[in-house]
Amino acid sequence: MKHKVFTALPFVLLLLFSCVENTLFAQTIIKGNVVDANSKQPLDAVFITVTESATEKTVTDKNGNFSLKTSTSNATLAASYIGYKPVSVSVDGLSTIKIMMEPEAISLQDIKLEAGAVAKFNTITKIDLALNPVKNTQELFRMVPGLFISQHGGGGKAEQIFLRGFDVDHGTDVAVSVDGMPVNMVSHAHGQGYADAHFIIPETIGSIDFGTGPYYAQQGNLNTAGYVGFSTFKNIPKSLVQVEGGRFNSFRTLAMVDLLPKNKAKQSAYTAAEFFYGDGPTQNKQGFKRYNVFSKYNAAISENTNVTVSASAFKSNWNQSGQIPQRAVNDGTIDRFGSIDPSEGGNTERYNANLVLVSRFTNGATFENQVFYNKYAFKLFSNFTFFLNDPVNGDQIQQKESRNILGLLSKYKLKYQFNNNSLSSTYAIGLRYDKTNGSELSNVVQRRFLSNVQLGDIREANLYSYTQQQLNIGKFVLDAGLRFDQFNFNYFDRLINTQLPIVNKSIVSPKLSLQYNATTAIQFYVKAGKGFHSNDTRVITGNSGKEILPAAYGADFGVTLKPIKDLFLNVAIWNLYLQQEFVYVGDAGVVEASGKSKRQGLDVIARYQISKKLFANANFNFTKPRAVGEPKG
C-alpha cells in the first residue's frame, strides 16, 4: 500500500499546483519549436529569451519544443544556440511559432552561462562531435570528459569503462542508453551491467548526454559513477555512401539513405547500414566482422502529437588472442603479438525496436510514452589461466545467454511560470523486464563443450517511478528529485533443477542540486544524491537476499567559468561512498564479497578556441579511491 501511495502522490501534487497556477497567473503562453533550417532536425537546449524582458526565458527540450509565458502578446523572441546564427522572431499575437536556425561556424562565444537550467556540460559534446568525426563506439564514449575506455578481448567484446575512480568493468557503475533504451544487461553471463554498444552506428548519433555522480532522478540502476545517454538524429540532411580501409586488413563501408527528403516537418525517415572487417595486429587474425542496420521514422500524426519508430539489427563474430604471460614473451615461447590459446573469441547479436509517442497540451505540458523491445544473444570463449586448473584440456571457458527485454515508460512534464520565476515538474513511471534463458558458464576445449559450471534461467523485473522539480528563482536554480525502484529477482538453477527463493527489494533515492549564477561568466553549484546498482540475480538468490541494492552516496561542489569569451572551464571537487556488496564473478561462477569504498577527486574540463578554425581541449581528472575498513595497503 505504501508503494501505491508513493506513486500516486506526485500526480496529486501536480493537480494542486495546476489549480493554483491557473487561478493566480494569467499570462500569454507562447509555444514554439526550433529546428535546423536545412535538415529540419529539432534543436534541444536552444536558449529562448523575450527581448522586452530579460527575465522571461526558457530552453528547448530534446524535441526542439518550448513553452514560455510572457506579459506581452507582441513580444520578440531571441534564439541563440552554439553553431547557429542568432535569430529574432516577432510573435505578433501568435500563440504558436516555428523558429528556423541557420548553421554557422562553431564558436565557444555562443555558450551562455545563464540561469534557467541546472549546470550541465553536455553542450560541449556537440562541439566535440562536430570537430571530431567518430568511426566506432569507443570514440563516442571518449567524448565524455573524464571517461576512459579500453578494449581487451577482440573487437566484438564490450569495452572496459573507467570513470571517477571506478573500474566499471563493462558497465556495472555507469548507466548507458540509446534513445532512452538501456544498453546495460543486468545479470549478464559475463558480468553485471554488461554494456555492449557496438550496435550503434556512430554517424547516426546527434547528441550525447552525460553526467557524473548519482544526482539524476531519471537515472536508476547502475548510476553510481555516472551515466551516458546517446541520441540518434531525427532525420539526416542528405544520403551518403562511404568506404574506408586501413592496416591489418581493416575495411568499413557505410550507407545512409534519406527515405523522405521532402516536408520533413511532417514526416521523415532514414536507414543506415554499416559493415566492418578487421584482422587486428595479432598473429592470430581476429577475422572480426560486424553488421549493423538502423532505421528511424518520425511523423506528426496531429498538430500536437508526434510518433517516432526505430528498429535496428546487429551481429558480430570474432577471434581473439587474449591476455598472454610476460614470461612467455621474454623466453621466446611466443611473440609479443602471439597467443597461448588462439581459439578464444565469440559472437553476439542484438535486435531493437523502439516506439515513442509525444503529446503536447494547450497548457504547454508534454506527455511522453515509450515502449521498447530487445532480443539479444551472446557467446564468449575466454582462457585466463591456460592449463592451471586442467593440465590436459586447458582452462578455456564459455559464457553464453539468450535474452529478451521489454520496457515501458510514461513521463509527464509541465512548466509553471509566475512573475519572473518558474517551476518545471516531471513525473514518470516505468518498467523493465529481463527474461534470460540458458545463462551458462561452462568448461570447453577449443570451443567444444566439456561440462557446466553454472546454468540457469533468470527473470528480473524493475518497476520504478520518479519525480523531478526544478525551481528557478532569480539567480538560483534548485533541482530536487525523488526516485523509487522496486525489484523482483528470480533464478531457476538448471543444474539442480531447482527454483531458488524469489527475492523482492525496493530502494528510495533522493537527489538535490543547487546552482547560483553569480554573473554571466560565473556559475557555482553543489550536488548531493543517492544512487545504487543492483547485484546479479545469482548473487541475490544464492545469498539469502543479502546486499541486494548497495547504495552510493555522492556530493559535488563545482564552478563553471567563462573568464574570456573563447574559454570555457568547469572545475569540480567530489566525494562518493559505496556500500558493501556481493559480486558475481562471471569468469569463475563464484560470489566474492567486496567491502565499503570511498572515492574523492578533482575534475577539470577546459575548452579554448584559439581561432575560428582551431580549438584546444584539456580534461584533467584526479581520483583517490580507498577501501573502507580494510587493512592499510
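Reader: With which residue does Glu-401 form a salt bridge, and how far apart are the closest N and O atoms?

Author: Side chains of opposite charge can pair when their charged atoms come close. A salt bridge here is a side-chain nitrogen of Lys or Arg within 4 Å of a carboxyl oxygen of Asp or Glu. Glu-401 forms such a bridge with Arg-403, with the closest N and O atoms 2.8 Å apart, and both Glu-401 and Arg-403 are buried, where buried means under 20% relative accessible area, exposed over 50%, and partly exposed in between (1.4 Å probe, protein chains only). This is a predicted model, in which local features need pLDDT of at least 70 and side-chain atom pairs count only at pLDDT 80 or more, while totals for chains, interfaces and linings use all residues. Residues are numbered from 1 along each chain as its sequence is written, and side-chain values use heavy atoms, with hydrogens and water left out.

Reader: How many salt bridges does the count come to, and which residues are linked in a network of them?

Author: The count comes to 16 salt bridges, and a network of them links Lys-135, Glu-203, Glu-244, Arg-252, Glu-274 and Arg-290. Within this group, Arg-252 pairs with Glu-203, the closest N and O atoms being 2.8 Å apart. Arg-252 lies in strand β16 (residues 250-258) and Glu-203 in the loop between β12 (181-182) and β13 (205-212), so this pair ties together parts that are 49 residues apart in sequence. Strands (E, at least two residues) and helices (H or I, at least four) are DSSP runs, numbered from the N terminus. Arg-290 and Glu-274 also meet in a salt bridge, at 3.2 Å from N to O. That pair links distant parts of the chain, with Arg-290 in strand β18 (residues 288-302) and Glu-274 in strand β17 (residues 267-278), 16 residues apart. Arg-290 and Glu-274 are both buried, and Arg-252 and Glu-203 are buried as well.

Reader: Is Thr-366 buried or exposed, and which residues is it in contact with, leaving aside its neighbours within four places in sequence?

Author: Thr-366 counts as buried because its relative accessibility is 13%, and its place is in strand β21 (residues 366-382). Contact means heavy atoms within 4.5 Å; leaving aside neighbours within four places in sequence, Thr-366 is in contact with Ser-359, Arg-360, Phe-361, Lys-411, Tyr-412 and Lys-413.

Reader: Where is Leu-441 found, and how far is it from Gln-579 in space?

Author: Leu-441 is found in strand β23 (residues 421-445) and counts as buried, because its relative accessibility is 4%. From C-alpha to C-alpha, Leu-441 and Gln-579 are 28 Å apart in space, and they are 138 residues apart in sequence.
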